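Hi everyone, thanks for coming along. Have a look at the structure on the screen, and I'll walk you through a few places in it.

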Amino acid sequence: MSVAFRAVQWNRAKLIYDGILLAGVALYIGTYLVLAYWLDSPKDQPAAIDLRIRAFGSCAFLMLTIILSIGPLARLDRRFLPLLYNRRHFGVLTFFVALAHAWLVIEWFAVQDALPNLYDELTKISDYAKFIGFPFKMLGLVALLTLFLMAATSHDFWLVFLTPPVWKGLHMTLYVAYGLLVMHIALGIMQGDGNLLIPAMLVVGFAGVAVLHLLAGWRERVGDRGGASGRDGWLLVGPPSSIPDKGARIIAAPDGERIAVFRDGAQIGALSNLCAHQNGPIGEGRIIDGCVTCPWHGYQYRLADGCAPPPFTEKLVTYRVRVTGGVVEVDPRPRPPGTSAAIRCD
Amino acid sequence: MTRSQRSAHPILWTVLALAVAFGFGMALSLRAPADANTPEIASEVRI
């Protein structure tokens, strides 16, 4: 892959994913508005716009909650992996739903000729010293700008240009945006509406996401304590049969970096556990068509040398492997990406 | 995720969860009673 821009390539799976996403958003907003009109029909135009503001705003919050749950859920249970494949499409759609929410807020002020009030609300410096009365719209605006940054850099062009570690670090600011969004709702609509559903939605959403992330992090921390060392500092993996055929065992080097030890029949090889695409957990993937395949987006590498098959050019760091006394051992010192290192243990 | 990102992850979430829990708890406890929320002018309406 080069750094040149290439348009998003849709395939059947992505089209189905996006179709379900759009249908879900339309269904949520449609149901919300129908129910709201049925329960208490709005009396005037601003009240009608206000309903749409709430529908789009709550939809954006729910979508962000789901997006942030997908990562830890996929780490805790592989059955959630399909949700991860096109998570970026989910994120971009969330930005547009949030943008519609912000646009409706402007419209709400505009139809009442009260746009200067919105400006005053955002620029009254003394209010920023208050807690109740804080210009909560600014919190939403910062969260929206963060979502825009995520959406604008979601294309693979930016992933390659920035490099996966920097890109991933940048996209982790989404967590802060989620916190800002919770406070935007808590200091905004929750203060003016006695409905208990709003605090309940915030507690269930945020606490659920936080617990999932902490659980997944704790589980990974246990696995990162480092493998047992054999002679010369090589790491003990176990007998070849302990590595699933066409699968891998993941071990941690003393410095904590993960190594994926794959077995393809009698061939054993060790690669970095970080996919060159998005730093996905390559060791959680399988060997498909003779190539190690990342579970996140299907990027493939040869087990023998960690190189992607032509015409692709990605390369993974490899590690030397040996079998001593029937036990597979791995040298934790990385070899240059694309260096042959796999062995046969017939 | 790289090792440093995996390390930062639980720290970031712990700090974020505590900060948001504190802010949310304050916002909930300081919330005005329901009958005191009747807006009078557009700029006071919270949406």
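Now zoom out to the two chains. How many residues of each chain take part in the contact between them? The count is 28 residues of chain B and 42 residues of chain A. On the chain B side, 17 are nonpolar, seven are polar and four are charged.

So how confident is the predictor? For the complex, the ipTM is 0.75 and the pTM is 0.79. Chain A has a mean pLDDT of 89, with 95% of its residues at 70 or more. Within chain A, helix α6, residues 136–152, has the highest confidence, at 96, while α3(A) has the lowest, at a mean of 79. For chain B the mean pLDDT is 75, and 68% of its residues reach 70 or more. One stretch to watch is residues 39–44 of chain B, where pLDDT stays under 50. The model has 10 contacts beyond four places in sequence for that stretch. Where pLDDT is low, the predicted coordinates should not be read in detail.

Next, the layout of chain A. Chain A is divided into domain 1, residues 12–223, and domain 2, residues 231–344. The centres of domain 1 of chain A and domain 2 of chain A are 38 Å apart, taken over C-alpha atoms. Eight residues from domain 1 of chain A and seven residues from domain 2 of chain A make up their contact. In chain A, α3 (81–85) and α8 (164–171) each supply at least two residues of the domain 1 side. That domain 1 side has six nonpolar residues, one polar and one charged.

Let's turn to a sheet in chain A. Three strands form an open sheet in the order β1-β10-β9, with antiparallel pairing. Which strands are at the edges? They are β1 (235–238) and β9 (321–324) of chain A, each pairing on one side only. From one strand to the next, the twist averages 35°. β1(A) pairs with β10 of chain A, residues 327–330, over three bridges. Looking at one residue, L236(A) has E329(A) in β10(A) as its bridge partner.

Two backbone details to finish. Most residues other than glycine have a negative phi, and most peptide bonds are trans. Here, P310(A) and P311(A) are joined by a cis peptide bond, with omega about 10°. You'll find P311(A) in the loop between β7 (300–302) and β8 (318–319) of chain A. The other detail is D113(A), which has a positive phi of about 50° although it is not a glycine. D113(A) is in the loop between α4 (87–110) and α5 (115–123) of chain A.

Note on methods. Residues numbered from 1 in each chain as written. Chains lettered and ligands numbered in written order. Predicted model: local features only at pLDDT ≥ 70, side-chain atom pairs only at ≥ 80, totals over all residues. Contact = placed C-beta atoms within 7 Å. Nonpolar A, V, L, I, M, F, W, Y, C, P; charged D, E, K, R; others polar. Domains from an automatic or database assignment. Helix = DSSP H or I, 4+ residues; strand = E, 2+ residues; numbered from the N terminus. Pairing = 2+ DSSP bridges. Axes fitted to C-alpha atoms, helices over the stretch in contact; angles between N-to-C directions. pLDDT = per-residue confidence, 0-100.
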